[in-house]
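Please open the model in a viewer and keep the selection panel at hand.

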Amino acid sequence: MSTHVFDLVVVGSGGGVDETDLSAYLLKPSGASWDAGIIALEAGSGKGALKQILFQNPDLFNTDSSSPLISADQIYNLVQCFLVTHSHLDHVACLAIMAGSLSGTRKRVYALMDVLEDLQEHIFNDRLWPKLGSFDDRPGEDYKYLYTALDPQMYHKLESFPNVSVKVALLNHGHAAESGRQYHSSAFFIQDNTSGKEFLFFGDVQPDSLSSTPLTIDVWRDAAPKIPDILNVIFIECSWPSSREDSSLYGHLKPEHLRDEIISLATQVYLSRNPTIATANGSTAAGTSHSGTRSPRRKKRKVDPPAPVPAPPVLEPGSLHGILKGLRVYVMHCKDQLNGQPGSTMKDLIVSQVQTLVEAENLGVEIFSVDQGTHIRI
Ligand SMILES: [Zn+2]
Ligand SMILES: [Zn+2]
């Protein structure tokens with residue numbers, strides 16, 4: 001039997017096509033009320049999208065708050081901090097748009113240093129948008145945002161949420177068109193310190209199978225020993241349908257790649273439970289870490305040299321059957337087509353393709369879509 005430890009409301013879950021449905025999630029510990037403080041995961045959409053959601057479902061936040069929460073303004077003012085996976089506009093647009101109208105305490109923005117530098121230098125630079133954030137944490141500063149860098153090696157307790165910690169992991173997310181440099185995104189392990197339970201939230205990510213320096217495998221190695229008792233929920237993108245060519249993924253997944261990533265996770269779960277097999281195959285559960293020494297700071301980035309990809313271990317047929325039982329994977333960031341056609345959407349197609357491919361592997365994992373305006377218990 002499991003009880004949930006987090007509540008999450010989907011303000012937006014689209015793949016960057018529709019500005020009213022961009023990556024944005026509101027989170028709280030399940031034991032607290034919404035008006036005790038909210039964590040915003042990503043800030044693509046914001047108050048405008050939430051206003052429309054509340055119009056349809058005015059009581060979305062009232063099931064668990066001591067006073068009525070009926071407006072998007074009220075709810076975003078309760079946000080104490082933002083967690084941002086990377087600086088692409090579909091993940092930070094409303095961080096800028098909303099900034100001037102946010103009240104309440106100064107809000108921390110947690111991210112890799114690279115992402116914070118992008119925000120400071122390219123968005124809140126007094127040109128594209130006023131300088132509304134800073135790294136200066138002295139009291140009395142009236143900036144709206146306090147940039148707070150996350151070190152990838154450790155859990156950070158979130159200010160204002162003493163029972164919530166976050167650990168960030170580096171991901172590959174395609175290459176810059178002009179320089180050819182690898183562009184990085186990140187994933188968050190978000191932990192309820194009281195129960196020790198966690199969930200895993202991915203920013204945009206490219207397939208490890210198409211990376212010269214795979215990074216997602218490190219996330220799977222970290223997650224594997226925790227599944228399913230400690231970690232039983234993963235949010236991950238699948239931007240494209242199966243018909244998309246690998247050469248046109250632009251740093252994203254399609255269903256075949258997401259299936260392969262889930263198999264990669266299942267393999268790591270197997271290895272974590274059978275360490276002798278891992279050693280016999282020459283591929284240890286600890287494995288080759290690619291992210292351990294890499295600095296997240298952009299100024300130190302170079303074009304990554306190709307690294308040898310460890311061969312996947314050879315397992316007995318059927319070894320992975322049922323191994324991910326109890327795990328729920330939520331598929332998000334699908335690139336919808338706004339062609340005005342009624343009926344099923346591109347998201348429905350992508351999620352059903354993922355379900356079909358993953359079910360064929362008999363891993364025991366359940367696949368869900370992430371729908372705007374819904375409340376998910378974690
Ligand atoms: Zn992106
Ligand atoms: Zn995106």
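**Starting point: His173**

Select His173, which is buried, with a relative accessible area of 4%; buried means under 20% relative accessible area, exposed over 50% and partly exposed in between, using a 1.4 Å probe and protein chains only. The model is predicted: local features need pLDDT of at least 70, side-chain atom pairs count only at pLDDT 80 or more, and totals for chains, interfaces and linings use all residues. Residues are numbered from 1 along each chain as its sequence is written, chains are lettered from A and ligands numbered from 1 in the order in which they are written, and side-chain values use heavy atoms, with hydrogens and water left out.

**First zinc site**

Next, display the zinc ion (ligand 1). Its coordinating atoms come from His86 (NE2), His88 (ND1), His173 (NE2) and Asp204 (OD), at 2.1 to 2.3 Å. Donors are N, O and S atoms within 2.8 Å of the metal (3.2 Å for Na, K and Ca); water is not among the atoms, so sites may look incomplete. The angles among the four donor atoms run from 91 to 165°, and the site is irregular. Four donors count as tetrahedral if all angles lie between 85 and 135 degrees; four count as square planar and six as octahedral if opposite donors are over 155 degrees apart and all others between 65 and 115; anything else is irregular.

**Across the bridge**

Select Asp204, which bridges the zinc ion (ligand 1) and the zinc ion (ligand 2), lying 3.5 Å apart. The pair links distant parts of the chain: His173 belongs to strand β9, while Asp204 sits in the loop between β11 (198–202) and α5 (216–223), 31 residues apart. Asp204 is buried, with a relative accessible area of 2%.

Then centre on the zinc ion (ligand 2), coordinated by Asp90 (OD), His91 (NE2), Asp204 (OD) and His333 (NE2) at 2.1 to 2.2 Å. This arrangement is irregular because its four donor atoms subtend angles of 91 to 166°. Asp90 and His91 are both buried.

**Along strand β9**

Select residues 161–175, strand β9, where twelve of the 15 residues are buried. Helices (H or I, at least four residues) and strands (E, at least two) are DSSP runs, numbered from the N terminus. Finally, locate Gln182 in β10, the bridge partner of His175.

Note on methods:
Two strands pair if DSSP finds at least two bridges between them.
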